[in-house]
Amino acid sequence: MWFDPPQSRTGSHSHRGGEVWLRSCTASEEDASAPVTMAEFTTPWAPTAKPNRLPAVLLYIEGEALCDANAVAEGVTKMREAFALAWELDLPEWPGWAEVLYHQLSNGLVPAGAPPPPLLSADTSSVQPEVASHARDGRAWWSSDGALAAIAETLRCRNHVVVDGFLGRAGGVALRVALERAWGGGVLEPAKVALPGDGLNGQRSDRTRSDHIAWIDAAEDAARWAPLATLVDAADALVRALRAAAPGLARKGSAMSRMRPMASRYGVGAAFARHTDNHCSNGHGPHCNGRWLTAVYYANDSWSEADGGCLRLFRPQGDEGDEDEQAGGAAAAAAGDALLDVAPLGDRLLLFFSDFRSPHEVLPAAKPRYATTIWYMERDDGDD
Ligand SMILES: O=C(O)CCC(=O)C(=O)O
Ligand SMILES: [Fe+2]
């Protein structure tokens with residue numbers, strides 16, 4: 001064996017899923033905008049993202065085997081590639097994840113497929129107990145001070161939060177009817193995929209997304225879109241109240257605006273591959289599109305697990321890792337990077353940060369799935 005045997009590399013590190021970043025929830029408000037880091041490394045580099053770990057250790061083992069077979073130059077090249085993917089492999093002390101993977105892979109064991117993430121269905125009490133304790137049937141339950149504080153804190157800690165019973169059942173049903181009519185009237189068109197930095201322009205790519213959408217100006221047909229106007233007003237009110245209750249959620253001094261709402265329909269089998277809504281780090285980067293918060297409202301009655309179409313949230317990815325993020329989706333999913341499956345339940349509003357903190361995908365729908373998405377933007381100058 002060309003390198004030190006791994007038994008000398010047993011470290012005290014423990015990377016166990018989300019524990020590390022969730023622990024940052026106890027951090028003070030000032031830390032809220034800091035990039036997510038795993039504190040056990042005291043190096044200038046962020047720990048290797050999960051999607052890169054398995055390929056890195058595989059390359060390392062390949063390199064080792066080549067060196068053992070006297071193809072040293074080739075072996076060293078492989079190992080360098082491995083170090084480039086996971087810098088920690090170049091240390092005398094490997095982190096725990098490398099140790100485990102090394103043993104599994106060198107014994108011919110491929111790590112088992114990751115178990116599915118928890119499913120957030122109607123009962124949200126185990127996933128977001130603070131918010132669940134405020135949820136009531138009733139008008140705008142989310143606007144009380146206590147509820148706003150819980151929603152803001154959950155968003156800050158987890159990068160996403162679910163607000164069930166957002167409009168009330170009647171509001172959800174009315175929007176569903178309007179969306180179905182729009183679909184029947186041919187208003188929704190196949191969605192296009194925009195390249196980072198290319199705004200709303202783009203090309204159709206079924207491999208990436210196969211939903212139908214329309215950007216709606218509710219004022220253009222006020223009678224038809226009254227339920228949508230109700231949703232937008234309520235979402236604006238919630239977002240404004242959250243910013244007032246927890247200014248640290250947004251960049252200091254930034255102003256808020258929003259895009260026209262986007263109505264969407266996922267037909268049977270339609271999906272949207274893993275992506276982030278803004279390729280951006282803390283408001284910076286060549287591909288920033290200004291999106292700060294994504295608000296998705298679901299208008300689906302009688303959803304059951306067999307209906308599919310969950311929105312799968314993944315753990316935060318390295319900032320400006322957009323290219324990796326696009327390419328690494330499948331590997332990341334296989335590496336157990338998924339955090340939560342949010343069922344697209346009727347009258348549910350899901351909020352998440354639009355940038356690298358919330359990679360997500362829409363799993364294939366088994367029956368038509370309707371939603372409306374509103375993006376809130378932040379910019380550093382101007383007024384609300
Ligand atoms: O409909 C959803 O659940 C989310 C859709 C989405 O990710 C998007 O349109 O960017
Ligand atoms: Fe998205």
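I sorted the shell around ligand 1 by class and got five nonpolar, three polar and one charged residues. My classes: Ala, Val, Leu, Ile, Met, Phe, Trp, Tyr, Cys and Pro are nonpolar, Asp, Glu, Lys and Arg are charged, and the others, Gly among them, are polar. The model is predicted, so local features need pLDDT of at least 70 and side-chain atom pairs pLDDT 80 or more, while totals for chains, interfaces and linings use all residues. Residues count from 1 along each chain as its sequence is written, chains are lettered from A and ligands numbered from 1 in the order written.

I listed the residues around ligand 1: Ser264, Phe272, Asp277, Val296, Leu311, His360, Val362, Ala371 and Thr373. The cut-off is a C-beta atom, placed from the backbone, within 6 Å of the molecule. I found that β12 (360-362) and β13 (369-379) each supply at least two residues of this shell. Strands are DSSP E runs of at least two residues, helices H or I runs of at least four, numbered from the N terminus.

Next I looked up α6, residues 145-158. Its buried residues include Ala147, Ile151 and Leu155. Buried means 20 or more other C-beta atoms, placed from the backbone, within 10 Å of the residue's own. The buried residues of α6 pack against α5, β2, α8 and β11. Just after α6, asparagine 159 takes a positive phi of about 75 degrees.

Last, I checked confidence. Mean pLDDT (per-residue confidence, 0 to 100) is 81 for the protein chain, and 77% of its residues reach 70 or more. I noted an ipTM of 0.99 and a pTM of 0.71 for the complex.

Technical notes:
pLDDT is the predictor's confidence in each residue, from 0 to 100. The expected span of a helix is 1.5 Å times one less than its number of residues. A residue is buried if 20 or more other C-beta atoms lie within 10 Å of its own, exposed if 12 or fewer, and partly exposed in between; C-beta atoms are placed from the backbone. Two residues are in contact if their C-beta atoms, placed from the backbone, lie within 7 Å.
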